[in-house]
Amino acid sequence: MGRCALPPLLRYPTVDELGARAAALVARHPREARLRRIGTSRAGTPMWLLSVGRGSRQALVVAGPHANEPVGGATVLRLAERALADPRLTEGADATWNLLLCLDPDGLRRNEGWLTGPYALGRYFRNFFRPGFLEQPEWLPDGAAGAALPETRALLDVQDELRPFLQCSLHGVDVGGGFVELTDDLPQLAQRLAHTAARLGIPRELGAYDALYWPGLGPAVYRIPPPRRADLAAAITEAAVESTWFHPHRHGTLTAVVEAPMWGVAAVSDGSPPADRDGVLRAVSRTLRHDTGLLRHLLARIRPHLAAVPDAARLLAPVDDYLLICPGLADAWDPDTGDGAAHPLPPLSTAHLAALRISGRRLALRTAGLLHQLVRASGHDPAGALPELDGLIDQWCADYRDGCGARWIPVARQAEYQARVVLSAFQLAVRHTRAGSRSGEPGWESGAAVPMQRE
């Protein structure tokens with residue numbers, strides 16, 4: 001990278017490290033790079049936008065939209081270095097790269113108990129944090145005009161200011177594989193994704209739970225359908241409300257949601273027909289119901305002792321969300337109860353079944369990890385819940401490792417994979433906008449609406 005290179009990141013950067021490394025890049029390249037504060041989080045943390053290049057086409061890359069998905073921070077720093085080193089990405093494309101270092105810095109801070117390693121499933125879930133559904137800044141459940149979170153308002157303002165031709169939202173899959181969700185087709189992206197995944201040893205998620213009912217645009221690439229009115233449970237599980245993915249569509253923006261896995265599972269890449277579809281679905285549904293019952297019982301024992309726990313409501317909100325949606329998901333997946341539902345399951349491959357098994361276990365582990373933190377924060381355990389929670393977390397993490405074959409993917413490889421996918425989307429979107437109208441021009445909009453993702 002020459003004079004723009006910083007020491008390589010071998011672990012996830014913290015909020016403070018993101019700002020420091022971005023400032024160091026700007027100090028080395030004051031003509032090509034700028035850093036500006038575009039907002040302030042609820043806890044008073046600055047939100048920084050790093051811009052590279054001075055072209056008329058604006059690309060917006062959003063890192064850290066979910067608090068427990070930190071790979072995007074490493075990715076945007078890598079993209080900044082690439083853009084500084086390769087003029088084809090700036091002058092050659094008449095483009096400016098705008099890199100939002102972290103959309104939810106307060107949430108990222110809450111994950112610092114596992115963020116810097118060593119990386120183990122038990123450590124991750126015992127220190128996991130992700131806010132409740134209504135406090136995730138990409139959501140617009142009340143529309144853009146009703147957005148109340150300062151992080152959301154900052155992103156909306158940047159979108160309206162830049163009117164980007166491409167927006168990439170950088171997400172992470174804790175266990176599973178990589179995939180992309182698009183608001184409009186980018187021909188050839190599926191082929192490029194396959195090449196990048198093969199080169200870096202990243203499994204592609206061919207039956208992503210997030211996109212279970214969504215149309216496919218190619219292997220591991222999905223089209224995001226329009227939102228619709230729905231209750232809270234459906235909004236969480238079916239991506240049924242508006243989001244910041246949709247908001248800039250009025251400006252001609254194509255949004256790509258780029259998912260990169262932390263622990264990879266080979267089975268999510270198996271597109272073969274399953275040997276016993278209904279048997280696997282029954283087992284997954286039965287397990288989710290059983291685990292939900294255990295966790296509800298533990299929560300009932302723990303909740304009366306949380307009055308003195310600072311900020312307990314922030315940890316309880318996602319717990320309540322997860323326990324709200326689990327019974328409905330178990331019924332929807334169960335062939336004995338779900339086949340007559342309004343949204344019957346689509347044809348399922350082995351990859352789909354692996355993704356559903358991982359998703360059910362994820363909901364239980366996240367809930368158990370948050371309950372574990374609540375008990376620890378109380379300073380005592382009068383309900384005697386901690387040993388039970390430790391046993392469940394250890395058992396379920398072992399199932400990920402031994403039953404699903406989950407294997408850690410080094411941070412540098414996660415970030416390189418995500419950066420290459422973003423660069424592919426950028427190159428294809430540049431061609432797309434050159435072939436049609438420029439972003440922001442009247443008549444660009446296709447009318448499609450974009451919901452929030454459900455991972």
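Trainee: Where does Thr253 lie?
Mentor: Thr253 sits in the loop between α8 (232-238) and β9. Helices here are DSSP runs of H or I with at least four residues, and strands are E runs of at least two, numbered from the N terminus. Before we go on: this is a predicted model, where local features need pLDDT of at least 70, side-chain atom pairs count only at pLDDT 80 or more, and totals for chains, interfaces and linings use all residues. Residues are numbered from 1 along each chain as its sequence is written, and side-chain values use heavy atoms, with hydrogens and water left out.
Trainee: Is Thr253 buried or exposed?
Mentor: Thr253 counts as buried, at 1% relative accessibility. Buried means under 20% relative accessible area, exposed over 50%, and partly exposed in between (1.4 Å probe, protein chains only).
Trainee: Which backbone oxygen lies 2.5 Å from a polar atom of its side chain?
Mentor: That of Pro164. The backbone oxygen of Pro248 also approaches a polar atom of the Thr253 side chain, at 3.0 Å.
Trainee: New topic: how many aromatic pairs does a search of the whole structure find?
Mentor: The search gives 16. Rings of Phe, Tyr and Trp (its six-membered ring) pair if their centres lie within 6.5 Å; planes under 30 degrees apart are stacked, over 60 edge-to-face, and the rest tilted. Tyr12 and Trp114 have ring centres 5.7 Å apart and planes at 80 degrees, so that pair is edge-to-face.
Trainee: Which parts does that pair tie together?
Mentor: Tyr12 is in the segment before α1 (15-28) and Trp114 in helix α4 (residues 112-115), so the pair links parts 102 residues apart in sequence. Tyr12 is buried, with a relative accessible area of 0%, and Trp114 is buried at 1%.
Trainee: And what about Tyr124 and Trp263?
Mentor: Their ring centres are 5.8 Å apart with planes at 50 degrees, so this pair is tilted. Tyr124 belongs to helix α5 (residues 121-126) and Trp263 to strand β9 (residues 254-264), so parts 139 residues apart in sequence are tied together.
Trainee: Which residues form one aromatic cluster?
Mentor: Tyr12, Trp114, Tyr124 and Trp263 are among them, along with Tyr119, Phe125, Phe128, Tyr400 and Trp408.
Trainee: Last one: how many residues of α2 are buried?
Mentor: In α2, 14 of its 15 residues are buried, so to speak "mostly covered".

Technical notes. A polar contact is a pair of N or O atoms within 3.5 Å; within protein, one must be able to donate a hydrogen and the other to accept it, and residues adjacent in sequence count only if both atoms are side-chain atoms.
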